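Please open the structure in your viewer and keep the selection panel at hand.

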Amino acid sequence: MNPVPNSRAEALQRDAADPLAQRRALFDLPEGVTYLVGHSLGPPPKGARERMAAAQADWAQGLVRSWNTAGWIDLAERTGDRLAALIGAEPGEVIVADSVSVNLFKLAAAALAQARTYALFVEEDEFPTDQYIAAGLGGLSGAEVRRLPAGGTFEALKAGGVVIRSAVNYRSAEVADIAAHEREAKRHGARIVWDLSHATGVLDLKLGADGAELAAGCTYKYLNGGPGAPAFVYVSNALAPKLANPLPGWMGHAAPFAFDANYAPRGGAARFASGTPPILSLAALSGALEALEGADLAQVQAKARALGALALARAQAMGLDALSPLGDARRGGHVSLRIPEGYPVVQALAARGVMADFRAPDTVRFGFSPLFLTYTGVWDAADALAEILASKSWDQPQFHARAKVT
Ligand SMILES: Cc1ncc(COP(=O)(O)O)c(C=O)c1O
């Protein structure tokens, strides 16, 4: 592992030796912006714009025929297969569909239907949607819902229920050891539904090798699929035939155009499709994936962590309190700092072209998308933060006005 750059000159050297540097040209990025929010909404790859334009043309010219002639009917599955290659899964184990929230519900309900213990578990610092889905499914199914302390999943697996667990925590970026959790789950007849939202496209995931059976994740963060891009479902090929989709729509049917009154599921993860796939968004995602495909995911992960380590070192020098683990192996692609006046600080950074995000009550997050960021950019962003904090230039009325999305 290379040491963290200690100067701007060293950051420049790291950029010159960066094996991913050429990929920046695959993105449409505005001039003068250092985009540290790829963990929230990735920027548009050029391929996304091209595939969206092509899908619009197919819509206008091919009309309804394009379901066949442009291959729309299989796009969710084909895109799922490409995504599978990026998370260490096999063809047929991933389908693109719905949102993470809906997919967590479907997978947790399917796992619960055959659980050894009729109970759902979720840690109290999980992303809120994961907690709401567990509570909602508990209310509907009558399953017991247990809220675990942060980090309490491993112990809870002994009870043998169904756990919803992030592979990378949305706030701290703490990474869970998927393989160790899965070994423990299997020992006790428990099942884990992994939320891969903050892991996909930035970590070198090996779902199959790690024994993961069920997962959902989003595609608008490090996969750069676009705002509201559809999410994905992963189900191992071994488990899929044993599971029933609790929202069995016609698109999960083996022959949707047979218009059979009785449900017969498709094979693999595709049985977790429910309704008509959002073709325009899928087209954008399918083009966006080209920006990541062919990259060495070990290099992608290493660069994200190296940029994070640089940010953490600079933050430490400023005396800031880090919420993220300092050890690279324990951290995903983002870094969170605790800054009580975080909201106006983020606005003041944006005014200088450095985009980050704020998570109430006091967390400022910086995402390190490795495909388009540079070491120099992160170095300069840290300079901007240091200057804003030292001068207190964040304390101006325009930076305090709260928008709906932070
Ligand atoms: C960890 C995590 N899970 C779930 C979600 C919600 O996903 P969706 O809006 O697709 O339901 C998010 C959104 O940012 C997230 O960060």
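How many bridges join β3 to β4? Five bridges join them, and the two strands run parallel. This is a predicted model, in which local features need pLDDT of at least 70 and side-chain atom pairs count only at pLDDT 80 or more, while totals for chains, interfaces and linings use all residues. Residues are numbered from 1 along each chain as its sequence is written. Helices (H or I, at least four residues) and strands (E, at least two) are DSSP runs, numbered from the N terminus.

**The sheet**

Select the seven strands that form an open sheet in the order β2-β8-β7-β6-β5-β3-β4, with mixed pairing. Two strands pair if DSSP finds at least two bridges between them. β2 (94–96) and β4 (144–148) stand at the edges with a single partner strand each, so one side of each is left without a neighbour in the sheet. On average, neighbouring strands of this sheet are turned by 20° against each other, direction ignored. For such angles, axes are lines fitted to C-alpha atoms, for helices over the stretch in contact, and angles run from 0 to 180 degrees between N-to-C directions.

Select residues 162–166, strand β5, where five of five residues are buried (20 or more other C-beta atoms lie within 10 Å of a residue's own, with C-beta atoms placed from the backbone). Val 162, Ile 164 and Ser 166 point one way from β5, and Val 163 and Arg 165 point the other way.

Next, select Phe 121, which stands opposite Val 163 in β5 and opposite Arg 146 in β4. Three bridges join β3 (residues 119–123) to β5, and these strands run parallel. Val 163 also stands opposite Ile 192 in β6. From β5 the chain crosses through helix α8 (residues 178–188) to β6 in a right-handed β-α-β crossover (with the strands pointing away from the viewer, the path from the first strand over the helix to the second runs clockwise).

**A helix and the core**

Select residues 128–141: helix α6 lies across β3, β4, β5 and β6, at about 165° to β3.

Finally, select Ala 108. Not counting residues up to four places away in sequence, Ala 108 touches residues including Leu 120, Ile 133, Val 162 and Ile 164 (contact requires C-beta atoms, placed from the backbone, within 7 Å). Ala 108 is among the residues that touch the most other members of the largest nonpolar core, which has 122 residues. A nonpolar core is a set of buried Ala, Val, Leu, Ile, Met, Phe, Trp, Tyr and Cys residues joined through C-beta atoms within 7 Å.

Key
A residue is buried if 20 or more other C-beta atoms lie within 10 Å of its own, exposed if 12 or fewer, and partly exposed in between; C-beta atoms are placed from the backbone. Two residues are in contact if their C-beta atoms, placed from the backbone, lie within 7 Å.
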